[in-house]
Amino acid sequence: MVPVPTDAGLPEAYPKHLESSFEVKDGRTVWVRAILPSDAADLADAIEHADRETLLHRFFTAAPHLTDRQIHYLAEVDYRRRLALIARDADGEGVAVVRYECHPETNTAEVAVAVAPEWRRLGIATELLRRLEDPARENGFEVLDAVYLPDNHAVARVFERLGYSSPCIEDGLASVSKALV
Ligand SMILES: CC(C)(COP(=O)(O)OP(=O)(O)OC[C@H]1O[C@@H](n2cnc3c(N)ncnc32)[C@H](O)[C@@H]1OP(=O)(O)O)[C@@H](O)C(=O)NCCC(=O)NCCS
């Protein structure tokens, strides 16, 4: 089943134009759309079952213990100051999540991404981060930034390829940014 939602019950601001699909390096197709509140349960399940290194790299702690409220916060975005895209496979299984979150009262948003281990090294993080750039720009952001653990060579490579700045390492974290102009 291709998991494109019906219009009934969609949040008013849901950006339908961001629904798309693309072929990954091994020829499989993934389907992309903006996150919906109804994705909260799948998101919670993915976080609960993620391996230690994935959690460490995504949340900077191997045991994030997210509350229901925090999970709902991740799944319920306004599609403008906060936006997340999810990718699923042809069976509707979760493949990846990418998001930006505004830094309050700035024109900068912070991006983060996670790809399921069995779908890595296929260009998915690179493509999803690229697909966040137009909506971020359209929503008034001029800069995207990101922080990651300095030993996360995979995401460092992704940001490098997307034209982010060279990493600045401070207090045990690497940070990069990219102007959207
Ligand atoms: C980091 C992560 C998002 C990358 O996702 P992905 O879909 O595999 O990324 P891509 O396929 O687009 O690109 C990965 C690049 O890193 C490279 N790479 C992968 N593992 C690497 C490693 N250990 N060392 C160096 N480069 C590595 C790949 O070769 C590829 O570059 P290339 O295409 O030039 O060869 C994924 O590994 C992940 O979800 N990690 C856990 C969560 C996380 O780290 N999130 C980032 C927080 S901002």
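**Entry 1: terms and model**

I began with the rule that two strands pair if DSSP finds at least two bridges between them, and I noted that helices (H or I, at least four residues) and strands (E, at least two) are DSSP runs numbered from the N terminus. The model I looked at is predicted, so to speak of local features I need pLDDT of at least 70, while side-chain atom pairs count only at pLDDT 80 or more, and totals for chains, interfaces and linings use all residues. Residues are numbered from 1 along each chain as its sequence is written, and side-chain values use heavy atoms, with hydrogens and water left out.

**Entry 2: the sheet**

I looked up strand E3 (residues 82-88), which is joined to E2 by 4 bridges and runs antiparallel to E2, and I found Arg33 standing opposite Ile86 in E3. On the other pairing of E2, I saw that strand E1 (residues 20-23) and strand E2 (residues 29-34) also run antiparallel, with 4 bridges joining them. Here Ser21 has Trp31 in E2 as its bridge partner, and Glu23 has Thr29. The hairpin of E1 and E2 has 5 residues between the strands, and in this hairpin Gly27 takes a positive phi near 95°.

I then followed the whole sheet, which is open and made of 8 strands in the order E1-E2-E3-E4-E5-E6-E8-E7, with mixed pairing. Its edge strands are E1 and strand E7 (168-170), each of which pairs on one side only. For the parallel sense I looked at strand E5 (residues 108-115) and strand E6 (residues 143-148), which pair over 3 bridges, and there Glu110 stands opposite Asp145 in E6.

**Entry 3: two helices**

I next looked at helix H1 (residues 40-49) and helix H3 (residues 68-75), which pack at an angle of about 115° with their axes 9 Å apart; axes are lines fitted to C-alpha atoms, for helices over the stretch in contact, and angles run from 0 to 180 degrees between N-to-C directions. In this contact (heavy atoms within 4.5 Å), Ala40, Leu43, Ala44 and Ile47 in H1 meet Ile71, His72, Leu74 and Ala75 in H3.

**Entry 4: the ligand**

Which residues come nearest to the ligand? Of the 20 residues around the ligand (a heavy atom within 4 Å), I listed Val113, Gly123, Thr126, Asn152 and Arg161 as the nearest. I then looked for polar contacts, which are pairs of N or O atoms within 3.5 Å. An N or O atom in the side chain of Arg161 is 2.5 Å from an oxygen atom of the ligand, a backbone N or O atom of Gly123 lies 2.7 Å from a ligand oxygen atom, and a polar side-chain atom of Lys25 lies 3.2 Å from an oxygen atom of the ligand.

Definitions and conventions. Polar contact = N/O pair within 3.5 Å; in protein donor to acceptor, adjacent residues only side chain to side chain.
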